[in-house]
Structures are given as structure tokens and as C-alpha cells.
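Me: I have a chain open in the viewer and would like to go through it step by step. Could you help me read it?

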Amino acid sequence: MRKLTSVIMTSYNQSLWLSQMTMAAVANVTRYTDPEEYEFILMSDSEKFKVRDDFKCLKIDKYIRTQGEGYTKSMNHGASEASGDYLVFMQNDVFVHEGWLPSLKHYLEHGLAECIFPDQMPRPRRFVKESYDMGYQEAMKFGSRDAGLFMITREAFSRCGGWDEDLSLLAERDFYERLGKAHVNYKDTCKVMITHIMAATNFSRLHENPKEYEEMMKKDADKLNG
């Protein structure tokens, strides 16, 4: 029986361009993913501009609006709403391409990893073409990791305790540590490549309210450093 994947996207649509970026990211998932393979959960916190789907062409199974919940709480909330055996956590500045979901699932289904990170860094055309001919195990030698998108088994996510809800900007660093402490087998792969406009949401907050951004960074750093 085919196992379902729950794709959980977090968004913070405080401006028109951020909401449009969210819509474009959702559209890529819809365009390049077989609908029966996944459910899509959109977590939209404190939104000022909604995600529009006037022509009913986006696959959004659950559109959950929250107020002041924040990044990490939204991801844990989305996971609690998910029904899939596999969870994908995805930021709203990430763009997937053809074959991304079944290729990531291959690692989990064949015991190569419990958590898999696709390649999220710019690559030259030569490397991209070489990756097409790589086997799944060989591709694990060349991945590069960031937390814009990753897939994890539900069991492994529960084992590491989910996301630290007190963190925001440095939440990914903490999550890597949680994966290690819980002995989760996590790997990188270049068999799947995604486009990630890194830190797009947080950089917009930096420009709009630098004092708030600095306070968030300090709060996270103080917590992580004990």
C-alpha cells in the first residue's frame, strides 16, 4: 500500500510579495507532484495577505490560519494535523521540481535514512547533469544541507521531540542537534535538487523591523547557549 506524505508549509504573509511567493511555491508542489501521493497543509501565521486560488488550481488540503503562533509552533501544529506516514517540512521560499517526492521517499522506504535533506545550494549545469546518472547511495556523497525542506518519518520526528517552540530564527540549528541526540539517521542527497530563496521571509523582517530581528536572534542564541 502506498504511504501518504504530509507536506507542511509555513508562511508569514505580511506583504503582497510574500503571499505571491507562497502561492508560487505551492503551485510548484501542485505542478510537480502526483496528487494521490500527498496531502498539503498550509500554516499561515498572522497573515495580512491571503493565499488566493481563484481558479482552483492549487492543491491545499488544509489552510490553517493562526495569530501570533510563530514559526516553530506552526510547524508542530501542522504536524499534529498531518495524517501521513512521512512528513515534509517546507518553507514558503522553496521551489520543488519534477520527481522530488518519490525520490526523497526512496531513501525512507529503503532504509537508507529516516530523515533526508535534498540539495539546496546553487549548482553548475555540469553537476546537475551528472546527478541524473548517480545512484541513490552515491548521491548521498554530494548533498548540501539546509532546512528549507526535508522529509522525515513520523516516528523519527516524534522521537526527537519535534521543534523547540521557544525558538524562531535558530530553530534549524537546534533541530539538527535534536536529530543527533535522538540517533535519527539523517542524510543529504543531490539526487533531489530544490530551489531555495534562502531566508527570504526573515530577511524581509530584518529590513522592516531590524530591532525585532536582533531581539529574536539574541533570544534564540541565549537559549541555545544555556
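Me: Which residues of helix 1 are buried?
Reply: In helix 1, the buried residues are L18, S19, M21, T22, M23, A25, V26, A27, N28 and V29. Please keep in mind that this is a predicted model.

Me: How many residues does helix 1 have, and what distance does it reach from its first C-alpha to its last?
Reply: Helix 1 has 17 residues and reaches 25 Å between those two atoms. That is close to the 24 Å expected at 1.5 Å a residue.

Me: Let us turn to strand 1. How many of its residues are buried?
Reply: Strand 1 covers residues 5-11, and seven of its seven residues are buried. T5, V7, M9 and S11 point one way, whereas S6, I8 and T10 point the other way.

Me: Which way do strand 1 and strand 2 run, and how many bridges join them?
Reply: Strand 1 and strand 2 run parallel, and seven bridges join them. Strand 2 spans residues 38-45.

Me: Which residues of strand 2 stand opposite T5 and S11?
Reply: Opposite T5 stands Y38, and opposite S11 stands S44.

Me: And the residues of strand 2, which way do they point?
Reply: Y38, F40, L42 and S44 point one way from strand 2, while E39, I41, M43 and D45 point the other way. Strand 2 is mostly covered, with eight of its eight residues buried.

Me: How many bridges join strand 2 to strand 3?
Reply: Five bridges join strand 2 to strand 3, which is made of residues 62-66, and the two run parallel. In one of these pairings, L42 has Y63 of strand 3 as its bridge partner.

Me: Back to strand 1: how many bridges join it to strand 4?
Reply: Six bridges join strand 1 to strand 4, residues 86-91, and these strands also run parallel. The bridge partner of T5 in strand 4 is Y86.

Me: I clicked on Q91. Is it buried or exposed?
Reply: Q91, which lies in strand 4, has a relative accessible area of 14%, so it is buried; the cut-off is under 20%.

Me: What does Q91 touch?
Reply: Leaving aside residues up to four places away in sequence, Q91 touches M9, T10, Y71, A147, G148, E172 and H196. With E172, the side chain of Q91 makes a polar contact, side chain to side chain, at 3.1 Å.

Me: New topic: where is P124?
Reply: P124 sits in the loop between strand 6 (115-119) and helix 4 (125-132). P124 is partly exposed, because its relative accessible area is 46%, between the limits of 20% and 50%.

Me: What separates the C-alpha atoms of P124 and H183?
Reply: A distance of 34 Å separates these C-alpha atoms, and the two residues are 59 residues apart along the chain.

Me: Last, what pLDDT does the chain average?
Reply: The chain averages a pLDDT of 92, and 95% of the residues score at least 70.

Key. Residues numbered from 1 in each chain as written. Predicted model: local features only at pLDDT ≥ 70, side-chain atom pairs only at ≥ 80, totals over all residues. Heavy atoms only, no water. Buried < 20%, exposed > 50% of the residue type's maximum accessible area, 1.4 Å probe, protein only. Helix = DSSP H or I, 4+ residues; strand = E, 2+ residues; numbered from the N terminus. Pairing = 2+ DSSP bridges. Expected span 1.5 Å × (residues − 1). Polar contact = N/O pair within 3.5 Å; in protein donor to acceptor, adjacent residues only side chain to side chain. Contact = heavy atoms within 4.5 Å. pLDDT = per-residue confidence, 0-100.
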